[in-house]
Amino acid sequence: MAGGRLPGLLFILHAAARLAAEQEVENLSGLSPNPEKDIFVVRENRTTCLMAEFAAKFLVPYDVWASNYVDLITEQADIPLSRGAEMKGKCGTNESELEISWLEQAYTLKLFFLKEGHNTSRGQEAFWRLGRIQFAYDTSERTYFKDAVSPGKHTANSHRLSALVTPAGKSYECQAQQTISLISSDHQKSVQLLLSEVRIQPFDITADFVFSEEHKCPVDQREQLEETLPLILGLVLGLVIVITLCVYHIHHKLTANQVQIPRDRSQYKHMG
């Protein structure tokens with residue numbers, strides 16, 4: 001019996017080892033000139049299948065004793081995503097995941113991505129989105145939590161999230177800061193995730209370590225329009241001025257070549 005189980009066990013171990021060998025995860029945050037920005041890459045079968053660049057910070061409320069040691073007051077921990085974080089990843093056809101842990105796993109961020117299709121007037125179109133966020137934290141960790149009451153581990157989750165919606169085959173880009181609210185297991189407190197300088201693509205990467213064409217978020221599109229609109233208006237105004245001057249010059253030249261008829265009839269005899 002034991003001999004019959006051994007080949008099966010060896011096969012499972014071999015398959016697990018092969019899977020681990022085929023998947024690579026890399027934290028390339030050291031390549032970013034911004035010390036607050038992190039870069040994560042997941043590769044399977046020697047091909048990049050998920051890339052993510054962003055700066056992230058969590059605003060986490062927690063309780064501490066007031067000076068009278070009777071009342072509770074709420075403080076806020078500002079927790080940045082640290083460089084040198086450990087990471088895991090999983091790529092799939094329609095589902096991908098990214099898991100990031102730091103400070104000896106006192107903090108863990110999990111991002112869950114989905115690729116879906118829907119019918120439009122142009123037919124079936126596919127898109128991907130960030131479908132769920134989970135953030136686990138430990139208020140007994142002393143770097144960001146000071147004298148927390150009843151310290152312990154908590155988990156904050158998103159609720160009915162549909163963020164970073166992007167057409168399939170493109171990467172999502174947003175330089176502007178975005179705020180996503182999470183609900184914590186710590187008395188339903190609201191945890192805020194602040195994301196900025198985001199560039200993410202969890203599906204359909206065609207070149208190794210290279211993002212596909214970007215799909216800009218509405219805020220970036222609006223800011224880009226606000227930056228280019230004065231330039232466009234200036235060019236249009238300049239063009240109108242040039243056209244006006246040209247028309248005036250042509251009109252002046254034509255009228256200068258015409259015979260001037262004197263208004264004083266007595267001068268007609270001197271003409272011709």
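I take contact to mean heavy atoms within 4.5 Å, and I begin with Tyr-172, which by that rule touches Trp-128, Leu-164, Val-165, Thr-166, Gln-178, Val-198, Arg-199, Ile-200, His-215 and Cys-217, residues up to four places away in sequence not being counted.

I note that this is a predicted model, in which local features need pLDDT of at least 70 and side-chain atom pairs count only at pLDDT 80 or more, while totals for chains, interfaces and linings use all residues. Residues are numbered from 1 along each chain as its sequence is written, and side-chain values use heavy atoms, with hydrogens and water left out.

**Entry: strand S11**

I looked up the place of Tyr-172 and found this residue in strand S11; strands (E, at least two residues) and helices (H or I, at least four) are DSSP runs, numbered from the N terminus. Tyr-172 is buried, at a relative accessible area of 5%, where buried means under 20%, exposed over 50% and partly exposed in between (1.4 Å probe, protein chains only). Its side chain and that of Gln-178 are joined by a polar contact of 3.0 Å. For a polar contact I require a pair of N or O atoms within 3.5 Å; within protein, one must be able to donate a hydrogen and the other to accept it, and residues adjacent in sequence count only if both atoms are side-chain atoms. I also checked Tyr-172 against Cys-217, and their C-alpha atoms are separated by 7.3 Å although the two are 45 residues apart along the chain.

Ser-171 lies in strand S11 as well, and with 0% relative accessibility Ser-171 counts as buried. I find a polar contact of 2.9 Å between the side chains of Ser-171 and Arg-199. Residues up to four places away aside, Ser-171 touches a list that includes Trp-128, Thr-166, Phe-211 and His-215.

**Entry: disulfides**

How many disulfides does a search of the whole structure find? I get two, taking a disulfide as a pair of cysteine sulfur atoms within 2.5 Å.

One of them joins Cys-174 to Cys-217, with 2.1 Å from S to S, and with 65 degrees about the S-S bond the link is right-handed. Cys-174 sits in strand S11 (residues 171–174) and Cys-217 in the loop between strand S14 (214–216) and helix H2 (218–256), so that distant parts of the chain, 43 residues apart, are linked. Cys-174 is buried at 2% relative accessible area, and Cys-217 is buried at 2%.

Cys-49 and Cys-91 form a disulfide with their sulfur atoms 2.0 Å apart, and this link is right-handed, with 75 degrees about the S-S bond. Because Cys-49 lies in strand S3 (residues 47–65) and Cys-91 in the loop between strand S5 (86–90) and strand S6 (95–102), the pair ties together parts that are 42 residues apart in sequence. I find both Cys-49 and Cys-91 buried. With the bonded cysteines of the protein numbered in sequence order, I read the pairing as 1-2, 3-4.

**Entry: Asn-34**

Where is Asn-34 found? I place Asn-34 in the loop between strand S1 (23–27) and strand S2 (37–44), and I record this residue as buried, with a relative accessible area of 18%. The side chain of Asn-34 makes a polar contact of 2.6 Å with the side chain of Glu-197. Neighbours within four places in sequence aside, Asn-34 is in contact with Arg-83 and Glu-197.
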